[in-house]
Amino acid sequence: MNSNSLTVALLLEDMALAKEFSDIFRELGVVPHYYEDLDSFWNGTLEVLPTLSLIDVKKMHEGNLLLKKHPFVINEQMPMAFYFTTGSAPLLHSTFDFLNLGTILHGANYKGQIKSILKRLNKMISYEHMLSNLELEKGKLFNQVRGLIEVSQVYKEDNYFEKYLKGIFTKFDSAKRTSFDFFDACETVFSELQDIVEFSFVELSANGQRLVSPEGQSMKYVSVPSLFLGKTCKQGIAEFAQNMSSQVAVELLGGEVMSLNVTGSDVNPDIIIYLKLNDMELAERIDWSSLESHLNGIYAYFRDNGKAVIKREARFITPWEAFSLFDKQIKMASVGDIKNQFALVDIDLSELIQTARVGDSGEFSWKEFFQDFVTRVTSTFSYELKFISMGVSNIGVVCDHEHVDQVMSHLKNISVRFSYWRYFERADALLSKNLKPEIKMIPASAEAYLLHVEDVKFSALDELESIAIKKKTQEIVWGKAPERTL
C-alpha cells in the first residue's frame, strides 16, 4: 500500500521517544499524529480511525479509561503495536487480547522494528483489499446469477404462457374437425379449459338491429339477453353496440371479463366472445391478439366451408324427380336388386313456420333462414345429401341408405343447436317457445311421403282455426279490407 495513505497515531509517555518515532515514520513517508494521554487518543481516534496505532503499554489505562473498552478496539477495527521496556514487560500480557501487529522493545533497532510492523500491516491491508475485491466480485456474480435466474424465470413464464396459448390453438384445430359450427367449436374448447369460469357470445340478428346470444349446452355458458340497438348495424357489430354488450357482459359475468372480437368480411366484428377467468395473471400474460387471429381463422373455416353451397343446384331435386327415383328403387327391390338404395328423412319445420306466421316476434327473415339452415346441414357433413322442397314446412333429405344413421344423428344435432330466434325481429318473445323441427325417417316412396306431408298440412290447417292465427292471416293477405272470396 502507498505509505501516503497510511495514518499513524502515537500514544507514548516519553516525548523524546515520540519525536524519534515520528522521524522514523516521516522517513518512511508517513506523518504520525502524537497523543500525550489516553483521553485525547480516545477522542481523536473516534473521529478519525488511524491505520496503525503505536501505544506505550503503560498508557493502556488512565483514570476510568481502559484501552480495551475503546469501541474500535472491541470490534477489532484498530490495528495496534505496543512499545515496552524491560520494566513494563509484564504489562504485555494485557495486549494478547488485542488485534496486535507486534511489539517494539525499548533500546533496540527502532527503525527495523517499525518496518517489520509496517510490513505486517501492509500485508494485512492487502489481504483486506483482496477480501473486499472478492466480496465485490462475489456481489457482482451474485447479481449476475440473480439476473440470469430472473431472466430464466421470465423466460419460463413466457414459455409457459406461450405453450398454454399453443395448446388452445391445438384444441381449436382439433375441435373444428368434429364441430358443426363455430359456436360448437368454441363451446367445446372453452368448456375444457379449467381457467375459464364462464363464457358467452353475442352476434347480430339477421336484420342487424339486435344483439343476440346463441343457445349454449355447456354449464359454463351464460346467455346474454337480447339487446335492441336502436339503429341498424350494417358492417358488423358497431362500436356503440360493442360498448352496450360489454356493459351487460360485465354485469352478468363480473368485473374481470376478457372480450375477443371475431371478424369476418366486415369492418366490425361479427361475433364478440366474453370470457371470465379465474387467474388474472393469465389474463395479463396471454397474447389475446394472437388468440383473436386464430379464432378469425377458425371462423373463416366454418364460414367459407358453407359459402355458395345452397347455389349448387345438384343438391336440390324436385319432388317429381325424387318420386321417380323412389318408384324406380321400389321396382328394382321387387326383383331382388337392393344395391344403391336411398333413404328419406323429413325435416318438419311446422312449429317455426307457425310462429313466423303469427307474427308476435316481428318480421321473419325467410330467405336468410333457409340459406343458413341448409348451408349448416351441408357444410358440416361429409356424405352427399339431396334436398326436396315440399312446401314451406317440410324439407326432405335424400341420402344413401347405408349412411342414414349418421344423417339422422347429424340432423338432430343441428335441430337442437341451430339459432332459430336469430331470424326473428324480436327474439325475446321466443325464449319460452320450442322452434326446433321434428326429424323423422320416412319410407322412401312417393305415397309414404305424400301422406306424411298431407297429414302435416291438415294439422296446420286445423291450427289456423285459432282466432289469433286466422285474424293475423287475414290481415296479412287482405290488409284492412273486408274478407273476400275468390
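Predicted model: local features only at pLDDT ≥ 70, side-chain atom pairs only at ≥ 80, totals over all residues.
1. Buried side of helix α9. Which residues of α9 are buried? They are P319, A322, F323, F326 and Q329. These residues cover an arc of only 120 degrees around the axis, and therefore lie on the same side of α9. The general rule behind such a pattern is that an α-helix has 3.6 residues a turn, so residues three or four places apart point the same way. Just after α9 comes G336, which takes a positive phi of about 95 degrees.

2. The sheet that includes β13. Five strands form an open sheet in the order β13-β15-β16-β14-β17, and their pairing is mixed. Its edge strands are β13 (316-317) and β17 (438-442), each of which pairs on one side only. The pairing of β13 is with strand β15 (residues 386-390), in the parallel sense and over two bridges. Within that pairing, F316 has F387 of β15 as its bridge partner. In general, strands of a sheet pair through backbone hydrogen bonds, either parallel or antiparallel.

3. The chain as a whole. The chain has 486 residues, and buried residues make up 43% of them. Its secondary structure comes to 14 helices and 17 strands. Taking the contacts between residues at least 6 apart in sequence, 66% join residues at least 24 apart. The accessible surface of the chain is about 26900 Å², and carbon and sulfur atoms account for 53% of it.

4. Salt bridges within one helix. The count of salt bridges comes to nine. One of them joins K19 and D23, with the closest N and O atoms 3.4 Å apart. K19 and D23 are separated by about one helical turn because they are four residues apart in helix α1 (residues 15-27). K19 counts as exposed at 54% relative accessibility, while D23, at 39%, counts as partly exposed. Another salt bridge is formed by the side chains of K166 and E162, at 3.4 Å from N to O. K166 and E162 are four residues apart in helix α4, so about one helical turn separates them. Both ends of this pair are partly exposed: K166 has a relative accessibility of 47%, and E162 has a relative accessible area of 42%.

5. Where in the chain are the partners E27 and K111 found? E27 is in helix α1 and K111 is in helix α4 (residues 110-178), so that the pair links distant parts of the chain, 84 residues apart. The closest N and O atoms of this salt bridge are 2.3 Å apart. E27 counts as exposed, at 54% relative accessibility, and K111 is partly exposed, with a relative accessible area of 28%. As a general point, side chains of opposite charge can pair when their charged atoms come close.

6. T51, a loop residue. Is T51 buried or exposed? T51 is found in the loop between α2 (38-47) and β3 (52-56). T51 is buried, because its relative accessible area of 18% falls under the 20% cut-off. Leaving aside residues up to four places away in sequence, T51 touches S5, L6, T7, P79, L121 and I125.

7. E76, another loop residue. The loop between α3 (71-74) and β6 (80-84) holds E76. The phi of E76 is near 60 degrees, a positive value in a residue other than glycine. Most residues other than glycine have a negative phi. E76 is partly exposed, with a relative accessible area of 49%.

Note on methods
Residues numbered from 1 in each chain as written. Heavy atoms only, no water. Buried < 20%, exposed > 50% of the residue type's maximum accessible area, 1.4 Å probe, protein only. Arc of directions from axis to C-beta. Contact = heavy atoms within 4.5 Å. Salt bridge = Lys/Arg side-chain N within 4 Å of Asp/Glu carboxyl O. Areas by Shrake-Rupley, 256 points an atom, 1.4 Å probe, with all protein chains shown as cover. Pairing = 2+ DSSP bridges.
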